[in-house]
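Thanks for coming. Please look at the sequence and the structure while I talk, and I will go from one part to the next.

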Amino acid sequence: MTKSKTKVKLLAPAGSMDCVTAAINAGADAIYFGVEQLNMRTRSSGGFSIGDIKEVVRICHASGVKAYLTLNTIMYDHDLRLLQLILKEAREQGIDAVIAADVSVFQQCMALGIPVHVSTQANISNLAAVEFYARFSDLVVLARELTFQQIAHITSEIKRKDIRGVSGEPMQVEIFVHGALCMAVSGKCYLSLHSQWASANRGACVQNCRRPYKVADAETGEELLIDNEYIMSPKDLCTIGILDQVIETGVDVLKIEGRSKGADYVFETTSCYKEAIASIEAGTYTPDKKTVWLNRLNAVYNRGFWEGYYAGHSTGEWTSTPGSSATEKKIYVAKGVKYYGKIGVGEFDIETGSLEQGDIVMLIGNAHGMVKMKLEPLMVNGQPSEKAKKGDKITIPVATKVAPGDKLYKITEANA
Amino acid sequence: MPKLIQYRDKCIGCGICHQLQPAWWRMSKRDGKATLVKGEKKNQTYVREIPLIEEELIRRVVRDCPVHIIKWV
Ligand code: SF4
(Lines give C-alpha, C1' and ligand atoms only; values in the text may rest on other atoms or scores of the structure.)
Protein backbone atom coordinates (compact mmCIF):
# COMPACT_ATOMS: atom_id res chain seq x y z
CA MET A 1 0.00 0.00 0.00
CA THR A 2 1.36 3.41 -0.89
CA LYS A 3 1.09 6.10 1.71
CA SER A 4 -0.58 9.29 0.62
CA LYS A 5 1.81 12.22 0.55
CA THR A 6 -0.44 14.95 1.85
CA LYS A 7 -2.48 14.12 4.90
CA VAL A 8 -6.11 13.60 4.16
CA LYS A 9 -8.47 15.76 6.22
CA LEU A 10 -11.65 14.69 7.97
CA LEU A 11 -14.80 16.82 7.78
CA ALA A 12 -17.60 16.19 10.29
CA PRO A 13 -21.26 17.29 10.32
CA ALA A 14 -22.77 19.49 13.03
CA GLY A 15 -26.48 20.25 13.30
CA SER A 16 -26.25 21.64 16.83
CA MET A 17 -23.72 23.05 19.27
CA ASP A 18 -23.22 19.74 21.11
CA CYS A 19 -22.37 18.15 17.75
CA VAL A 20 -19.80 20.88 17.06
CA THR A 21 -18.08 20.03 20.35
CA ALA A 22 -18.42 16.28 19.77
CA ALA A 23 -16.81 16.62 16.33
CA ILE A 24 -13.92 18.67 17.71
CA ASN A 25 -13.35 16.28 20.61
CA ALA A 26 -13.38 13.33 18.22
CA GLY A 27 -10.60 14.88 16.15
CA ALA A 28 -12.32 16.43 13.12
CA ASP A 29 -10.11 18.73 11.04
CA ALA A 30 -13.15 20.75 10.02
CA ILE A 31 -16.89 20.84 10.63
CA TYR A 32 -19.77 21.96 8.41
CA PHE A 33 -23.05 23.47 9.56
CA GLY A 34 -26.06 25.30 8.14
CA VAL A 35 -27.99 28.33 9.33
CA GLU A 36 -31.55 29.52 8.74
CA GLN A 37 -33.45 27.92 5.85
CA LEU A 38 -30.89 27.91 3.04
CA ASN A 39 -29.34 24.52 3.58
CA MET A 40 -30.33 20.96 2.82
CA ARG A 41 -31.34 20.03 6.37
CA THR A 42 -33.88 22.71 7.14
CA ARG A 43 -36.51 20.17 8.08
CA SER A 44 -34.53 17.69 10.06
CA SER A 45 -31.93 19.51 12.11
CA GLY A 46 -32.64 21.78 15.04
CA GLY A 47 -30.91 24.47 13.12
CA PHE A 48 -28.58 27.31 13.81
CA SER A 49 -29.46 30.92 13.12
CA ILE A 50 -27.29 33.73 11.77
CA GLY A 51 -26.50 34.74 15.32
CA ASP A 52 -24.89 31.34 15.99
CA ILE A 53 -22.20 31.69 13.31
CA LYS A 54 -19.98 33.67 15.66
CA GLU A 55 -19.99 31.05 18.41
CA VAL A 56 -19.55 28.08 16.08
CA VAL A 57 -16.57 29.70 14.37
CA ARG A 58 -15.10 30.79 17.70
CA ILE A 59 -15.32 27.30 19.22
CA CYS A 60 -13.84 25.70 16.11
CA HIS A 61 -10.99 28.16 15.70
CA ALA A 62 -10.10 27.93 19.39
CA SER A 63 -9.31 24.26 18.72
CA GLY A 64 -7.64 24.81 15.36
CA VAL A 65 -10.62 23.31 13.52
CA LYS A 66 -12.02 24.86 10.34
CA ALA A 67 -15.68 25.87 10.09
CA TYR A 68 -17.56 25.61 6.80
CA LEU A 69 -21.02 27.03 6.26
CA THR A 70 -23.48 25.08 4.12
CA LEU A 71 -25.63 27.20 1.79
CA ASN A 72 -26.49 24.59 -0.78
CA THR A 73 -30.21 24.73 -1.52
CA ILE A 74 -31.54 26.04 -4.76
CA MET A 75 -31.94 29.79 -4.33
CA TYR A 76 -34.93 31.93 -5.27
CA ASP A 77 -34.94 35.66 -5.79
CA HIS A 78 -36.55 36.20 -2.41
CA ASP A 79 -33.60 34.41 -0.77
CA LEU A 80 -30.86 36.66 -2.09
CA ARG A 81 -31.07 39.28 0.59
CA LEU A 82 -30.99 36.70 3.37
CA LEU A 83 -28.09 35.05 1.59
CA GLN A 84 -26.25 38.35 1.61
CA LEU A 85 -26.90 38.86 5.33
CA ILE A 86 -25.67 35.36 6.14
CA LEU A 87 -22.55 35.74 4.02
CA LYS A 88 -21.67 39.14 5.47
CA GLU A 89 -21.91 37.76 8.98
CA ALA A 90 -19.97 34.64 7.99
CA ARG A 91 -17.16 36.75 6.56
CA GLU A 92 -17.15 38.99 9.59
CA GLN A 93 -16.76 35.97 11.84
CA GLY A 94 -13.98 34.48 9.74
CA ILE A 95 -15.76 31.46 8.22
CA ASP A 96 -13.22 29.26 6.40
CA ALA A 97 -15.42 28.40 3.42
CA VAL A 98 -18.99 28.22 2.17
CA ILE A 99 -20.36 25.00 0.67
CA ALA A 100 -22.62 25.94 -2.23
CA ALA A 101 -24.22 24.64 -5.40
CA ASP A 102 -25.97 27.70 -6.84
CA VAL A 103 -24.00 30.27 -8.83
CA SER A 104 -25.71 33.11 -6.97
CA VAL A 105 -23.86 31.94 -3.88
CA PHE A 106 -20.56 31.60 -5.77
CA GLN A 107 -20.97 35.13 -7.03
CA GLN A 108 -21.70 36.68 -3.66
CA CYS A 109 -18.89 34.71 -2.00
CA MET A 110 -16.42 35.85 -4.63
CA ALA A 111 -17.50 39.45 -4.18
CA LEU A 112 -16.95 39.11 -0.44
CA GLY A 113 -13.73 37.12 -0.74
CA ILE A 114 -15.12 33.99 0.94
CA PRO A 115 -13.67 30.67 -0.32
CA VAL A 116 -16.24 28.40 -1.95
CA HIS A 117 -16.47 24.62 -1.83
CA VAL A 118 -18.75 23.19 -4.50
CA SER A 119 -21.41 21.03 -2.86
CA THR A 120 -22.22 17.46 -3.84
CA GLN A 121 -25.56 18.96 -4.91
CA ALA A 122 -23.76 20.12 -8.06
CA ASN A 123 -23.21 16.41 -8.90
CA ILE A 124 -19.67 16.89 -10.17
CA SER A 125 -18.79 13.67 -11.97
CA ASN A 126 -16.06 14.56 -14.43
CA LEU A 127 -12.86 16.50 -14.90
CA ALA A 128 -14.36 19.17 -17.16
CA ALA A 129 -16.80 20.07 -14.41
CA VAL A 130 -13.93 20.34 -11.94
CA GLU A 131 -12.09 22.65 -14.36
CA PHE A 132 -15.20 24.75 -14.78
CA TYR A 133 -15.80 25.11 -11.04
CA ALA A 134 -12.12 25.92 -10.45
CA ARG A 135 -12.93 29.42 -11.67
CA PHE A 136 -15.02 29.98 -8.57
CA SER A 137 -13.69 27.63 -5.94
CA ASP A 138 -10.76 25.71 -4.48
CA LEU A 139 -12.49 22.48 -3.60
CA VAL A 140 -15.17 20.30 -5.14
CA VAL A 141 -17.24 17.65 -3.42
CA LEU A 142 -17.75 14.91 -5.97
CA ALA A 143 -21.06 13.17 -6.64
CA ARG A 144 -21.49 10.14 -4.40
CA GLU A 145 -22.13 7.83 -7.32
CA LEU A 146 -18.62 7.65 -8.78
CA THR A 147 -16.27 4.65 -8.62
CA PHE A 148 -12.74 4.59 -7.24
CA GLN A 149 -11.36 4.56 -10.79
CA GLN A 150 -13.37 7.61 -11.77
CA ILE A 151 -12.30 9.49 -8.66
CA ALA A 152 -8.63 8.52 -9.07
CA HIS A 153 -8.76 9.68 -12.68
CA ILE A 154 -10.06 13.08 -11.61
CA THR A 155 -7.46 13.57 -8.86
CA SER A 156 -4.54 12.43 -11.00
CA GLU A 157 -5.61 14.63 -13.91
CA ILE A 158 -5.87 17.61 -11.54
CA LYS A 159 -2.21 17.01 -10.70
CA ARG A 160 -1.09 16.29 -14.25
CA LYS A 161 -2.85 19.30 -15.73
CA ASP A 162 -2.05 21.39 -12.67
CA ILE A 163 -5.64 22.55 -12.28
CA ARG A 164 -5.74 25.33 -9.75
CA GLY A 165 -8.64 26.89 -7.96
CA VAL A 166 -9.55 30.53 -7.79
CA SER A 167 -7.00 31.12 -5.00
CA GLY A 168 -4.16 29.78 -7.13
CA GLU A 169 -3.75 26.62 -5.02
CA PRO A 170 -4.21 23.17 -6.59
CA MET A 171 -7.86 22.15 -6.75
CA GLN A 172 -8.87 19.89 -3.88
CA VAL A 173 -11.31 17.01 -3.99
CA GLU A 174 -13.64 15.88 -1.23
CA ILE A 175 -15.81 12.76 -1.11
CA PHE A 176 -18.31 11.29 1.31
CA VAL A 177 -17.05 8.32 3.31
CA HIS A 178 -19.93 7.67 5.67
CA GLY A 179 -23.63 8.29 6.17
CA ALA A 180 -26.96 8.34 4.41
CA LEU A 181 -27.23 7.98 0.66
CA CYS A 182 -29.98 9.32 -1.55
CA MET A 183 -31.97 7.00 -3.83
CA ALA A 184 -31.65 9.60 -6.57
CA VAL A 185 -28.37 11.04 -7.82
CA SER A 186 -27.66 13.36 -4.92
CA GLY A 187 -29.80 16.43 -4.97
CA LYS A 188 -31.84 15.49 -7.99
CA CYS A 189 -34.80 13.89 -6.26
CA TYR A 190 -38.33 15.14 -6.77
CA LEU A 191 -40.26 12.39 -4.97
CA SER A 192 -40.89 14.48 -1.91
CA LEU A 193 -41.95 17.49 -3.97
CA HIS A 194 -44.19 15.26 -6.04
CA SER A 195 -45.95 13.66 -3.10
CA GLN A 196 -46.17 16.52 -0.61
CA TRP A 197 -44.94 19.67 -2.26
CA ALA A 198 -41.95 19.36 0.05
CA SER A 199 -38.87 20.19 -1.93
CA ALA A 200 -35.82 18.12 -1.06
CA ASN A 201 -33.84 20.81 -2.78
CA ARG A 202 -34.98 23.25 -0.12
CA GLY A 203 -34.07 20.85 2.66
CA ALA A 204 -37.68 19.75 3.21
CA CYS A 205 -37.37 16.12 2.03
CA VAL A 206 -40.06 13.92 3.62
CA GLN A 207 -38.11 10.78 2.76
CA ASN A 208 -40.69 8.91 0.71
CA CYS A 209 -37.85 6.58 -0.22
CA ARG A 210 -37.53 5.32 3.33
CA ARG A 211 -40.95 3.64 3.33
CA PRO A 212 -42.19 0.26 2.13
CA TYR A 213 -44.35 0.19 -1.01
CA LYS A 214 -46.94 -2.05 -2.58
CA VAL A 215 -47.40 -2.66 -6.25
CA ALA A 216 -50.97 -3.00 -7.38
CA ASP A 217 -52.26 -4.79 -10.44
CA ALA A 218 -54.19 -2.01 -12.16
CA GLU A 219 -56.72 -4.48 -13.62
CA THR A 220 -57.55 -6.63 -10.62
CA GLY A 221 -56.47 -4.29 -7.85
CA GLU A 222 -54.45 -7.12 -6.34
CA GLU A 223 -51.61 -5.81 -4.26
CA LEU A 224 -48.16 -7.20 -3.64
CA LEU A 225 -45.85 -6.01 -0.97
CA ILE A 226 -42.51 -5.66 -2.68
CA ASP A 227 -40.52 -8.43 -1.08
CA ASN A 228 -37.37 -6.39 -0.79
CA GLU A 229 -39.47 -4.16 1.44
CA TYR A 230 -37.66 -0.80 1.37
CA ILE A 231 -36.85 -0.88 -2.30
CA MET A 232 -36.02 2.81 -2.55
CA SER A 233 -34.15 3.18 0.72
CA PRO A 234 -30.43 2.63 0.26
CA LYS A 235 -28.34 1.39 3.12
CA ASP A 236 -25.89 3.89 4.53
CA LEU A 237 -22.46 4.41 3.09
CA CYS A 238 -19.64 3.01 5.25
CA THR A 239 -16.08 2.88 3.96
CA ILE A 240 -14.25 2.10 7.18
CA GLY A 241 -13.25 -1.31 5.77
CA ILE A 242 -11.97 0.08 2.46
CA LEU A 243 -10.63 3.40 3.65
CA ASP A 244 -7.14 2.61 2.37
CA GLN A 245 -8.58 2.36 -1.14
CA VAL A 246 -10.52 5.58 -0.59
CA ILE A 247 -7.35 7.43 0.38
CA GLU A 248 -5.42 5.91 -2.51
CA THR A 249 -7.74 7.64 -4.95
CA GLY A 250 -5.85 10.79 -4.01
CA VAL A 251 -8.72 12.75 -2.49
CA ASP A 252 -7.91 15.52 -0.03
CA VAL A 253 -10.92 15.54 2.27
CA LEU A 254 -13.15 12.78 3.65
CA LYS A 255 -16.63 13.88 4.60
CA ILE A 256 -19.11 12.33 7.00
CA GLU A 257 -22.83 12.89 6.36
CA GLY A 258 -25.23 13.61 9.22
CA ARG A 259 -26.19 17.15 10.14
CA SER A 260 -29.49 15.87 11.46
CA LYS A 261 -27.92 13.21 13.67
CA GLY A 262 -27.04 13.39 17.37
CA ALA A 263 -23.76 14.14 19.12
CA ASP A 264 -23.22 10.41 19.79
CA TYR A 265 -23.29 9.69 16.05
CA VAL A 266 -20.99 12.62 15.29
CA PHE A 267 -18.51 11.58 17.98
CA GLU A 268 -18.36 7.88 17.10
CA THR A 269 -18.21 8.28 13.33
CA THR A 270 -15.62 11.05 13.51
CA SER A 271 -13.39 9.25 15.98
CA CYS A 272 -13.56 5.92 14.10
CA TYR A 273 -12.58 7.53 10.80
CA LYS A 274 -9.93 9.63 12.49
CA GLU A 275 -8.37 6.50 13.98
CA ALA A 276 -8.63 4.66 10.68
CA ILE A 277 -6.89 7.49 8.81
CA ALA A 278 -4.10 7.49 11.40
CA SER A 279 -3.75 3.70 11.15
CA ILE A 280 -3.49 3.83 7.39
CA GLU A 281 -0.86 6.54 7.60
CA ALA A 282 1.06 4.51 10.20
CA GLY A 283 0.71 1.26 8.25
CA THR A 284 -1.29 -0.42 11.03
CA TYR A 285 -4.69 -0.72 9.36
CA THR A 286 -5.67 -4.27 10.34
CA PRO A 287 -8.80 -6.42 9.97
CA ASP A 288 -9.12 -6.59 13.77
CA LYS A 289 -9.29 -2.83 14.02
CA LYS A 290 -11.83 -2.70 11.21
CA THR A 291 -14.06 -5.05 13.20
CA VAL A 292 -13.86 -2.83 16.27
CA TRP A 293 -14.64 0.31 14.28
CA LEU A 294 -17.52 -1.40 12.54
CA ASN A 295 -19.00 -2.43 15.88
CA ARG A 296 -18.76 1.13 17.12
CA LEU A 297 -20.32 2.51 13.94
CA ASN A 298 -23.08 -0.06 14.14
CA ALA A 299 -23.95 1.15 17.64
CA VAL A 300 -25.03 4.60 16.45
CA TYR A 301 -27.71 5.62 13.93
CA ASN A 302 -27.50 3.65 10.69
CA ARG A 303 -29.72 1.91 8.15
CA GLY A 304 -27.32 -0.95 7.69
CA PHE A 305 -24.10 -0.46 5.78
CA TRP A 306 -22.69 -0.98 2.33
CA GLU A 307 -19.71 0.45 0.52
CA GLY A 308 -21.74 2.65 -1.79
CA TYR A 309 -20.89 2.91 -5.46
CA TYR A 310 -17.16 3.37 -4.97
CA ALA A 311 -16.17 -0.24 -5.50
CA GLY A 312 -18.39 -0.43 -8.57
CA HIS A 313 -21.32 -2.29 -7.04
CA SER A 314 -24.64 -2.16 -8.79
CA THR A 315 -27.55 -0.62 -6.96
CA GLY A 316 -29.67 -2.90 -4.85
CA GLU A 317 -28.30 -2.62 -1.34
CA TRP A 318 -31.63 -1.65 0.19
CA THR A 319 -32.38 -1.45 3.86
CA SER A 320 -34.67 -3.98 5.47
CA THR A 321 -35.82 -1.84 8.39
CA PRO A 322 -37.85 1.36 8.55
CA GLY A 323 -35.44 3.35 10.68
CA SER A 324 -32.08 2.87 12.27
CA SER A 325 -30.40 -0.51 12.70
CA ALA A 326 -28.17 0.87 15.42
CA THR A 327 -27.23 -1.81 17.93
CA GLU A 328 -27.47 0.67 20.78
CA LYS A 329 -30.34 2.89 21.74
CA LYS A 330 -30.26 5.99 23.90
CA ILE A 331 -33.18 6.71 26.19
CA TYR A 332 -33.55 10.18 27.65
CA VAL A 333 -33.62 10.07 31.44
CA ALA A 334 -32.42 13.20 33.19
CA LYS A 335 -31.51 16.82 32.75
CA GLY A 336 -28.37 18.48 34.09
CA VAL A 337 -28.75 20.84 37.06
CA LYS A 338 -25.27 21.82 38.20
CA TYR A 339 -21.67 20.79 38.59
CA TYR A 340 -19.56 20.68 41.73
CA GLY A 341 -16.20 21.39 40.13
CA LYS A 342 -14.00 20.75 43.17
CA ILE A 343 -15.20 17.21 43.67
CA GLY A 344 -16.05 16.51 40.02
CA VAL A 345 -19.68 15.62 40.64
CA GLY A 346 -22.68 16.43 38.47
CA GLU A 347 -26.26 16.83 39.66
CA PHE A 348 -29.23 15.74 37.55
CA ASP A 349 -33.01 15.63 37.86
CA ILE A 350 -34.57 12.42 36.59
CA GLU A 351 -37.44 13.47 34.36
CA THR A 352 -38.52 10.12 32.99
CA GLY A 353 -37.72 6.42 33.40
CA SER A 354 -35.17 5.10 35.86
CA LEU A 355 -31.47 4.40 36.35
CA GLU A 356 -29.50 1.75 38.14
CA GLN A 357 -26.00 1.71 39.46
CA GLY A 358 -23.74 0.25 36.78
CA ASP A 359 -25.87 1.55 33.87
CA ILE A 360 -23.97 3.00 30.94
CA VAL A 361 -25.10 6.56 30.39
CA MET A 362 -24.34 9.24 27.83
CA LEU A 363 -24.10 12.91 28.67
CA ILE A 364 -24.78 15.34 25.82
CA GLY A 365 -24.16 19.06 26.15
CA ASN A 366 -22.79 22.03 24.26
CA ALA A 367 -19.61 22.31 26.30
CA HIS A 368 -18.49 18.69 26.05
CA GLY A 369 -20.32 17.18 23.09
CA MET A 370 -20.88 13.54 23.97
CA VAL A 371 -19.38 11.69 26.94
CA LYS A 372 -20.14 8.08 27.86
CA MET A 373 -19.68 6.74 31.38
CA LYS A 374 -20.72 4.08 33.85
CA LEU A 375 -23.01 5.08 36.71
CA GLU A 376 -20.82 4.27 39.66
CA PRO A 377 -21.32 5.22 42.42
CA LEU A 378 -24.83 6.62 42.38
CA MET A 379 -26.20 9.02 44.97
CA VAL A 380 -29.98 9.47 45.04
CA ASN A 381 -31.41 12.47 46.90
CA GLY A 382 -28.15 12.68 48.89
CA GLN A 383 -27.96 8.97 49.82
CA PRO A 384 -25.92 6.18 48.20
CA SER A 385 -28.39 4.05 46.31
CA GLU A 386 -28.73 1.28 43.75
CA LYS A 387 -31.64 2.76 41.84
CA ALA A 388 -33.15 6.09 40.93
CA LYS A 389 -36.53 6.89 39.41
CA LYS A 390 -38.51 9.79 37.96
CA GLY A 391 -38.54 12.77 40.32
CA ASP A 392 -35.25 11.82 42.03
CA LYS A 393 -32.24 14.08 42.18
CA ILE A 394 -29.04 12.17 41.49
CA THR A 395 -25.38 13.06 41.86
CA ILE A 396 -22.66 11.15 40.03
CA PRO A 397 -18.94 11.61 39.32
CA VAL A 398 -18.52 13.24 35.90
CA ALA A 399 -15.21 14.15 34.28
CA THR A 400 -16.57 17.21 32.47
CA LYS A 401 -18.57 20.20 33.62
CA VAL A 402 -22.33 19.65 33.70
CA ALA A 403 -24.45 22.63 32.67
CA PRO A 404 -28.18 23.19 33.20
CA GLY A 405 -29.97 21.79 30.17
CA ASP A 406 -27.40 19.06 29.47
CA LYS A 407 -29.11 15.78 28.76
CA LEU A 408 -28.38 12.40 30.31
CA TYR A 409 -29.37 9.27 28.37
CA LYS A 410 -29.33 5.62 29.35
CA ILE A 411 -27.67 3.35 26.79
CA THR A 412 -29.27 -0.02 26.18
CA GLU A 413 -29.10 -2.63 23.49
CA ALA A 414 -31.46 -1.64 20.70
CA ASN A 415 -33.54 -4.80 20.84
CA ALA A 416 -33.45 -5.20 24.61
CA MET B 1 -64.92 33.77 9.45
CA PRO B 2 -62.11 31.16 9.45
CA LYS B 3 -58.72 32.30 10.61
CA LEU B 4 -55.51 31.43 8.81
CA ILE B 5 -52.51 31.11 11.13
CA GLN B 6 -48.85 31.03 10.16
CA TYR B 7 -46.14 30.05 12.63
CA ARG B 8 -43.58 32.04 10.77
CA ASP B 9 -40.28 31.28 12.49
CA LYS B 10 -40.20 27.72 11.09
CA CYS B 11 -40.89 28.86 7.50
CA ILE B 12 -38.31 27.52 5.03
CA GLY B 13 -39.16 30.08 2.36
CA CYS B 14 -40.10 27.54 -0.31
CA GLY B 15 -42.70 29.94 -1.71
CA ILE B 16 -45.49 27.42 -2.22
CA CYS B 17 -48.07 29.43 -0.25
CA HIS B 18 -47.21 32.51 -2.27
CA GLN B 19 -47.61 30.61 -5.53
CA LEU B 20 -50.98 29.27 -4.45
CA GLN B 21 -52.34 32.64 -3.36
CA PRO B 22 -50.11 35.67 -3.94
CA ALA B 23 -52.79 37.92 -2.45
CA TRP B 24 -52.34 36.31 0.95
CA TRP B 25 -48.61 35.69 1.02
CA ARG B 26 -45.65 37.88 0.30
CA MET B 27 -42.09 36.54 0.17
CA SER B 28 -40.05 38.76 2.43
CA LYS B 29 -36.91 40.17 0.86
CA ARG B 30 -35.59 40.75 4.35
CA ASP B 31 -35.37 37.17 5.57
CA GLY B 32 -36.62 35.08 2.64
CA LYS B 33 -39.67 33.79 4.52
CA ALA B 34 -43.33 34.08 3.62
CA THR B 35 -45.38 36.73 5.42
CA LEU B 36 -49.12 36.54 5.79
CA VAL B 37 -50.29 39.80 4.19
CA LYS B 38 -52.45 41.91 6.51
CA GLY B 39 -51.87 39.31 9.20
CA GLU B 40 -52.10 40.33 12.79
CA LYS B 41 -48.72 39.64 14.32
CA LYS B 42 -48.13 38.13 17.74
CA ASN B 43 -44.44 37.34 18.24
CA GLN B 44 -43.70 35.13 15.26
CA THR B 45 -47.30 34.05 14.69
CA TYR B 46 -49.43 35.75 12.06
CA VAL B 47 -53.23 35.51 12.00
CA ARG B 48 -55.68 36.71 9.37
CA GLU B 49 -59.37 36.14 8.75
CA ILE B 50 -60.26 34.70 5.36
CA PRO B 51 -63.85 34.42 4.04
CA LEU B 52 -65.28 30.91 4.17
CA ILE B 53 -65.85 31.04 0.43
CA GLU B 54 -62.10 30.55 0.08
CA GLU B 55 -62.20 27.30 2.03
CA GLU B 56 -60.82 25.20 -0.80
CA LEU B 57 -57.77 27.41 -1.16
CA ILE B 58 -57.30 27.56 2.58
CA ARG B 59 -57.31 23.77 2.79
CA ARG B 60 -54.86 23.56 -0.06
CA VAL B 61 -52.34 25.93 1.46
CA VAL B 62 -52.64 24.25 4.88
CA ARG B 63 -52.06 20.89 3.23
CA ASP B 64 -49.23 21.95 0.96
CA CYS B 65 -46.96 23.89 3.28
CA PRO B 66 -44.12 21.35 3.50
CA VAL B 67 -43.28 22.11 7.11
CA HIS B 68 -46.91 22.34 8.27
CA ILE B 69 -46.71 25.76 9.84
CA ILE B 70 -49.96 27.01 8.32
CA LYS B 71 -53.11 26.11 10.22
CA TRP B 72 -56.70 27.28 10.15
CA VAL B 73 -59.39 27.49 12.78
S1 SF4 C 1 -45.45 27.09 2.21
FE2 SF4 C 1 -44.86 27.10 4.37
S3 SF4 C 1 -42.65 26.89 4.37
FE4 SF4 C 1 -43.21 27.41 2.29
S5 SF4 C 1 -43.01 29.64 2.20
FE6 SF4 C 1 -45.14 29.23 2.75
S7 SF4 C 1 -45.20 29.22 4.99
FE8 SF4 C 1 -43.07 29.07 4.38
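I start with helix 1 of chain A, where the buried residues are A:Met17, A:Asp18, A:Cys19, A:Val20, A:Thr21, A:Ala22, A:Ala23 and A:Ile24. Buried here means under 20% relative accessible area, with exposed over 50% and partly exposed in between, using a 1.4 Å probe and protein chains only. Helices (H or I, at least four residues) and strands (E, at least two) are DSSP runs, numbered from the N terminus.

Before going on, the ground rules. This is a predicted model, in which local features need pLDDT of at least 70 and side-chain atom pairs count only at pLDDT 80 or more, while totals for chains, interfaces and linings use all residues. Residues are numbered from 1 along each chain as its sequence is written, chains are lettered from A and ligands numbered from 1 in the order in which they are written, and side-chain values use heavy atoms, with hydrogens and water left out.

Back to helix 1 of chain A, residues 17–25: eight of its nine residues are buried, so the helix is mostly covered. What do those buried residues pack against? Their partners in chain A are strand 1, strand 2, helix 2 (53–62), helix 9 (263–282), strand 16 (360–365) and strand 17. Just after this helix, A:Gly27 has a positive phi of about 100 degrees.

One of those partners is strand 1 of chain A. Strand 1 covers residues 9–13, and it is largely enclosed by the rest of the structure because four of its five residues are buried. Two strands are said to pair if DSSP finds at least two bridges between them. Strand 1 of chain A pairs in the parallel sense with strand 11 (residues 253–256) of chain A, over three bridges, and there A:Lys9 stands opposite A:Val253. Strand 1 also pairs in the parallel sense with strand 2 (residues 30–34) of chain A, again over three bridges. In that pairing, A:Pro13 is opposite A:Tyr32.

Chain A also has an open sheet of eight strands, with antiparallel pairing and the order 17-16-22-13-14-21-18-19. Which strands are at the edges? They are strand 17 (369–374) and strand 19 (383–384) of chain A, each of which pairs on one side only. Within the sheet, strand 18 (residues 379–380) and strand 21 (residues 393–397) of chain A pair in the antiparallel sense over two bridges. A:Val380 has A:Ile394 in strand 21 as its bridge partner.

Now the interface. Contact means heavy atoms within 4.5 Å. By that rule, 14 residues of chain A are in contact with 18 residues of chain B. The area buried between the chains, meaning the accessible area (1.4 Å probe) that two parts lose on being put together, summed over both, is about 1300 Å², and carbon and sulfur atoms give 56% of that. The rule finds two residue pairs in polar contact across this interface, both at pLDDT 80 or more. A polar contact is a pair of N or O atoms within 3.5 Å; within protein, one must be able to donate a hydrogen and the other to accept it, and residues adjacent in sequence count only if both atoms are side-chain atoms. On the side of chain A that touches chain B, the largest share, three residues, comes from helix 3 (residues 80–92) of chain A.

One residue to look at here is A:His78, in the loop between strand 3 (66–71) and helix 3 of chain A. Is A:His78 buried or exposed? At 10% relative accessibility, A:His78 counts as buried. A polar atom of its side chain lies 2.7 Å from the backbone oxygen of B:Gly13. Beyond its neighbours within four places in sequence, A:His78 has contacts that include A:Arg202, B:Met27 and B:Lys29.

Last, chain B. In helix 2 (residues 55–64) of chain B, the buried residues are B:Ile58, B:Val61, B:Val62 and B:Asp64. They pack against helix 7 (191–196) of chain A, and within chain B against elements including strand 1 (3–7) and helix 1 (16–20). Strand 1 of chain B holds B:Gln6, which is buried with a relative accessible area of 1%. A polar atom of the B:Gln6 side chain lies 3.4 Å from the backbone nitrogen of B:Leu36.
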